[in-house]
Amino acid sequence: MTWIVWRQQRPVFITLVAGLVVAVVAILLLRAVMVADLSAGNLLDCVAKGIDACNSPAANDFQTAWFDKMHLAAATVLAAPVLIGVFVGAPLFAREFEQGTHALAFTQSVSRTRWMATKFAVAALPALVVVLVYQLVVHSWLDAAGQLGPLSTGPFYFTTFDAHGVSPVAYTLFAYTLGMFAGAVFKRTLVAMTLTLGLFIAVRFVIGGVRESLITPTRVLSDDLDSRTVERGPLVVESGFLDAKGAVVADPTPMMNCAGKGDTQGAVDFAACYRENGLAQRYADVIPVDQATTLHLLEASIFVGLAVLFVLGSVWAVRRQV
């Protein structure tokens with residue numbers, strides 16, 4: 001049974017491996033050229049310090065040349081799961097039903113459940129390995145740039161967060177099972193591929209918009225009313241001003257009106273003006289950098305839970321197939 005499924009999926013596997021090899025070679029070549037640029041510009045010490053500590057023409061030129069390329073590479077990690085769902089998951093059962101080959105499988109001594117489990121495992125495992133390997137290769141490139149690359153934007157920037165940790169594997173499992181379920185229900189490959197693409201993007205958008213609510217944020221306070229409360233890095237969920245009683249000021253705009261409160265030279269002490277108008281502190285509700293891994297796991301658990309539902313739905317759809 002496994003050998004038959006392997007033979008059926010062989011063109012897909014060859015395509016996956018070939019694409020992975022080409023992508024990995026390209027990433028490694030780009031990484032080598034970038035590291036050479038770091039050495040030529042004497043920027044190796046800046047990898048850990050960042051652009052603020054190494055504000056030199058060479059560092060700025062390096063970021064101009066490489067920053068967007070690395071962001072694009074991280075974005076391709078985000079594209080990999082949906083490609084797996086569309087081109088591996090969606091045709092898994094839909095093509096069998098379209099071509100009628102499922103009838104032959106159903107008349108064999110192997111049960112439908114075992115047939116499904118074999119097809120699921122034989123196709124899923126190589127796909128997950130391909131995504132994981134590609135993710136690791138891309139991150140080796142980003143790590144080589146350190147704080148001169150996209151990692152300087154912090155762990156919660158969307159391309160950094162979505163392409164890091166367990167997220168790509170969870171997204172891949174979700175996309176694959178979504179495609180499998182769509183194919184088992186609608187029995188048309190093109191329909192399943194279209195639904196997989198659309199629903200994957202929609203679900204990713206919705207969950208990405210509410211992921212910050214998965215963790216209770218930490219409130220950071222500052223008495224400096226004229227500057228940012230939090231430096232770049234943590235995920236800011238909400239920010240604003242507190243009054244003297246510690247209550248959140250819903251609309252601080254009128255209290256920030258400092259017109260006519262300048263000195264004889266026209267300079268305005270905005271911090272003093274804000275306090276006179278009733279603003280006592282700045283606040284920011286943030287998710288700290290050290291909780292990024294926890295947020296990865298919480299979000300991944302949602303996608304894995306959805307994947308389990310899609311697997312059960314696929315079992316139901318195939319078992320009721322005549």
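Predicted model: local features only at pLDDT ≥ 70, side-chain atom pairs only at ≥ 80, totals over all residues.
A pocket is an open set of points, on a 1 Å grid over the protein atoms alone, with protein on both sides within 12 Å along at least five of seven lines. The volume is the space filled by probe spheres set on the points, which are joined across faces, edges and corners; the probe has a size of 1.4 Å. In the model, local features need pLDDT of at least 70, side-chain atom pairs count only at pLDDT 80 or more, and totals for chains, interfaces and linings use all residues. Residues are numbered from 1 along each chain as its sequence is written, and side-chain values use heavy atoms, with hydrogens and water left out.

The lining of the largest pocket, meaning residues with an atom within 4 Å of a point, comprises 15 residues. Nearest the centre lie Leu 16, Ala 80, Leu 83, Ile 84 and Val 130. At least two lining residues come from each of helix H1 (2-40), helix H3 (57-89) and helix H6 (112-145); helices are DSSP runs (H or I, at least four residues) numbered from the N terminus. By class, the lining holds 12 nonpolar, 3 polar and no charged residues. Here Ala, Val, Leu, Ile, Met, Phe, Trp, Tyr, Cys and Pro count as nonpolar, Asp, Glu, Lys and Arg as charged, and the others, Gly among them, as polar.

Helix H3 also packs against H9, at an angle of about 155° and with the axes 8 Å apart. Axes are lines fitted to C-alpha atoms over the stretch in contact, and angles run from 0 to 180 degrees between N-to-C directions. H3 and H9 are therefore roughly antiparallel, a term for angles over 145 degrees. Their crossing is right-handed, the near helix being turned clockwise from the far one by less than a right angle. Pro 81, Val 82, Gly 85, Val 86 and Phe 87 of H3 meet Met 193, Thr 196, Leu 197 and Phe 200 of H9, where contact means heavy atoms within 4.5 Å. This contact has 7 nonpolar, 2 polar and no charged residues.

Val 203, Arg 204, Ile 207 and Gly 208 of H9 contact Glu 299, Ile 302, Phe 303 and Leu 306 of H11, giving 5 nonpolar, 1 polar and 2 charged residues.

The axes of helix H4 (residues 91-99) and helix H8 (residues 167-186) come within 6 Å and cross at roughly 20°. H4 and H8 are therefore roughly parallel, as angles under 35 degrees are classed. The contact involves Leu 92, Phe 93, Ala 94 and Phe 97 of H4, with Tyr 176, Met 180, Gly 183 and Ala 184 of H8. Its residues divide into 7 nonpolar, 1 polar and no charged.

Methods: Parallel < 35°, antiparallel > 145°, perpendicular 65-115°, else oblique.
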